[in-house]
Structure formats: C-alpha cells, structure tokens
Amino acid sequence: MHQEKKVEATQLNELFIQQVKSWPLLRDNYELFKQVQIKTLEIDGLPVTVQFNPSRIVSLGAKTDARSIRERKCFLCSANRPAEQVSVPFGEDYLILCNPFPIFPQHFTVPARQHVEQAIGGRLGDMLDLAEALDSYTVFYNGPRSGASAPDHMHFQLVTKNYMPVDKLDISQTKLIRQGTNAGLYLLDNYLRNGWVISSDSKEEALRFFALLCVAQDTPAGEAEPMMNIFCNYEKGQWILKVIPRKKHRPSQYFAGGEEQFLSSPGAADIGGVFITSRPEDFRKASPRLLRSIYTQVCFGNDELTQIKVG
Ligand SMILES: [Zn+2]
C-alpha cells in the first residue's frame, strides 16, 4: 500500500526547533545567519539581494565533476549523514532534513531515500505534491549541472516563501503563450533570468506543459535533461511553476585570476534573486554591472529565449 505524501508545516517547525536544540553545527550556523550581511541592488529595475555568507564557501567552490563526486561520500545518503540530523518523511520516497548551511531563514533539503541521480524526469509530480502540502514554503530544484551540489543524489529544497524576489513575480507581467483548460503557459522575458511560468489548477496540465518545455530545450550531450532551475509554489488551489533554462553553470569570472576573479556558482537561489557570495572581496565587488554580466552568461536573453520553440 502506498503511504500518502502527507506532511504539515507544523512538523517542519517542530523539526527545526528540535534541530536547533540538539545539533550545535546547525544552531551555530543559524545564529550566524541571523547576522548575515546583505545589500540590495537594482539591475534593470529588478531587485537582487546579495548575501555575504562565509559558511557557503564549501558549496560555492564544490567540485561537481563526475570524478570528484565519485570520490566523496554522499552527504545526502543516510549512512553518511551526521548522527544529530533527524528527518521527517515525505511519502515513501523522500525525507525532509534541515540544511545545516542555511541561506534562508528556514532551509530544508528533501532528498530521495535512495541514492539515485538528480533528475526531474518522473518527479515533477512529487515537487507539485510537496508545494501543495507545504504551501507556506517555496520548493526549488537545481538541475545536476545547474547548481546542484549533489548531482548524484536526487533532492529538492524547501525554503522560506517570499524571501527570493522571484517568489513575488507578478504573473500579469508575463505573456500567455498557451492556454489549457485549467492552466496557462507564460513567457517570462525582460527578467534577466528568462524562462516560463506555468500556472495551473490541474496537476496533469502542469505536467503536460512542463513536458513541452523539456522537449523544446536542448539537452547537452551525455545529460538526461536540459539545464534548468525550477521554482514551485501553491496558492489558492493553484500551482505556480517557474522554469528557468540555463546556458551554463558558472560564469567566466569564476575561473578568472586575480582581481577579475569572482566566486559565484549560481543555483536556484541566485537565479531567484538571492545572490550568494562567501568571500568579503566578492561581496564588495558585487555590483549591478557584474551581476548583469553573470546572469547574461548563465541564463537566456530575450532573443535567445524566443529561439526556443515551445510546442
Ligand atoms: Zn547519496
């Protein structure tokens, strides 16, 4: 018999409170997070919050090539997780864990129970279920080459809603390109992190529109899916899904030397408008010009987006 995918926000709050009490690393990092420095930039009229979060250096500099991944112990597998880390189940396939290196006031990781590759194929429905069950959070997904620090272990992330500017996107600013019975597919352009928005009362229609988007985009050789970040919310009986295609993971500044170097490994948070830096010089250097350059390298411009023919 299938276990229902039921979970409530109160369970997550209890998990969070319990972990703050019993797990010193997590408690310390959440204390540091309360004092995290931020600055707000406006890029082409769009707000972006830059966060200076030194504890994220591990993730920003993480080697995610196949060999480095093979040679490290997977931190999402139960056998390798710290003894202090406890979980709340989500259905038969997933666990919800507190992230001990937060970039949000509440930050959870939702790994599959099994060590299986990060891939959205066959799992978007789980993402919709998670958003519906926990409608006070935003669920996001980083593709295996689009910011996931564990590309070998399937996981979603669950974060404080409305913390990322992308959560507050006004859908009336987007262009309807496909109308379904209970769903609409919209083009999100002039946003520096262009893509599409699906708004749907029906799970089936949301899945169908998403499948159209996956087919429309190029899949890099040797990969299972197009490069992308996905955001999902559930509000008033409706799913809002934002799909942001990616051209590459890291910008040229990541690999530059000297003054030019800027350590940025954009994942969903950065794309969503919470830009993470972990060295003081990078926090200082983050400017509208630099961030525009980075977004332009890793995301699609207006012209590039319209070249992707959907449906
Ligand atoms: Zn694993």
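The structure is a predicted model in which local features need pLDDT of at least 70, side-chain atom pairs count only at pLDDT 80 or more, and totals for chains, interfaces and linings use all residues. Residues are numbered from 1 along each chain as its sequence is written.

User: Why is strand β9 (residues 183–188) called largely enclosed?
Analyst: A residue is buried if 20 or more other C-beta atoms, placed from the backbone, lie within 10 Å of its own; it is exposed if 12 or fewer do, and partly exposed in between. In β9, 5 of the 6 residues are buried, so the strand is largely enclosed by the rest of the structure.

User: What makes β9 and strand β10 (residues 195–200) a pair?
Analyst: Strands are DSSP runs of E, at least two residues long, numbered from the N terminus. Two strands pair if DSSP finds at least two bridges between them. There are 6 bridges between β9 and β10, which run antiparallel, so the pair meets the definition. Leu-188 stands opposite Gly-195 in β10.

User: How do you know that strand β8 (residues 175–179) pairs with β9?
Analyst: They are joined by 4 bridges and run antiparallel. Gln-179 has Gly-184 in β9 as its bridge partner, and a hairpin of 3 residues links β8 to β9.

User: Why are β1 (37–43) and β13 (274–277) called edge strands?
Analyst: In the open sheet of 3 strands, the order is β1-β2-β13, with mixed pairing. Each of β1 and β13 pairs on one side only. Strand β2 (residues 46–52) pairs with β13 in the parallel sense over 4 bridges, and Thr-49 stands opposite Val-274 in β13.
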